[in-house]
Amino acid sequence: MNTHFFAASLNQDIPTIDLHGIGNITSALEQLERQLFSFYTDKQKHCRVIYGIGEGILAKNVQTALNKNPMVLDWKHEDTGGSCIVLL
């Protein structure tokens, strides 16, 4: 496991983007982009994105958005499921 991911996964106080309670995909992805930009401009090195477990629709859309976002260096699912760690 990459040491950056490992260190971030141990830290329960890292900035978090909680999307699993948002009613629709479009709103959730807009929130994701806004908060990623905010964390990036605040010089955060990593954050946690919570998308929940459910049917996996939000998770797939979040993964696609993270792969396309130029601020995201890398990301990895957390073993607990329903979230990922994002390196900025």
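Predicted model: local features only at pLDDT ≥ 70, side-chain atom pairs only at ≥ 80, totals over all residues.
1. **Overall make-up.** The protein chain has three helices and four strands. From the N terminus on, the order of elements is α-β-α-β-α-β-β. The chain has 88 residues, and 39% of them count as buried. Take the contacts between residues at least 6 apart in sequence: 66% of these join residues at least 24 apart.

2. **The parallel pair.** Strand 1 covers residues 16–18. Strand 1 pairs with strand 2 in the parallel sense, over three bridges. Within this pair, isoleucine 17 stands opposite valine 49 of strand 2.

3. **The antiparallel pairs.** Strand 2 also pairs with strand 4. These two run antiparallel and are joined by five bridges. Histidine 46 has leucine 87 in strand 4 as its bridge partner. Strand 4 pairs with strand 3 as well, again antiparallel, over four bridges.

4. **The hairpin.** Strand 3 and strand 4 form a hairpin with five residues between the strands. Glycine 81 in this hairpin takes a positive phi, near 80 degrees.

5. **Helix 2, length check.** Helix 2 has 17 residues, which at 1.5 Å a residue should span 24 Å. The C-alpha atoms at its ends are 24 Å apart, so expectation and model agree.

6. **Helix 2, buried face.** Ala28, Leu32, Leu36 and Phe39 are buried in helix 2. Looking down the helix axis, the buried residues fall within an arc of 65 degrees, so they line one face of helix 2. What covers these buried residues? The cover includes strand 1, strand 2, helix 3 (57–68) and strand 4.

7. **The salt bridge.** The structure holds one salt bridge. It joins the side chains of glutamate 78 and arginine 48, at 2.7 Å from N to O. Arginine 48 sits in strand 2 (residues 46–50), while glutamate 78 lies in the loop between strand 3 (74–77) and strand 4 (83–87), so the pair ties together parts that are 30 residues apart in sequence. Are the two residues buried or exposed? Both glutamate 78 and arginine 48 are buried. In general, side chains of opposite charge can pair when their charged atoms come close.

8. **Asparagine 69.** This residue lies in the loop between helix 3 and strand 3. Its relative accessibility is 5%, so asparagine 69 counts as buried; the cut-off is under 20%. Which residues does asparagine 69 touch, leaving out those up to four places away in sequence? Asparagine 69 touches Glu33 and Leu36. Leu36 is also one of the buried residues of helix 2.

9. **Lysine 43.** Phi of lysine 43 is near 65 degrees. That is a positive value in a residue other than glycine. Most residues other than glycine have a negative phi. Lysine 43 has its place in the loop between helix 2 and strand 2. With a relative accessible area of 68%, lysine 43 is exposed, since the cut-off is over 50%.

Key
Residues numbered from 1 in each chain as written. Heavy atoms only, no water. Salt bridge = Lys/Arg side-chain N within 4 Å of Asp/Glu carboxyl O. Buried < 20%, exposed > 50% of the residue type's maximum accessible area, 1.4 Å probe, protein only. Pairing = 2+ DSSP bridges. Expected span 1.5 Å × (residues − 1). Arc of directions from axis to C-beta. Contact = heavy atoms within 4.5 Å.
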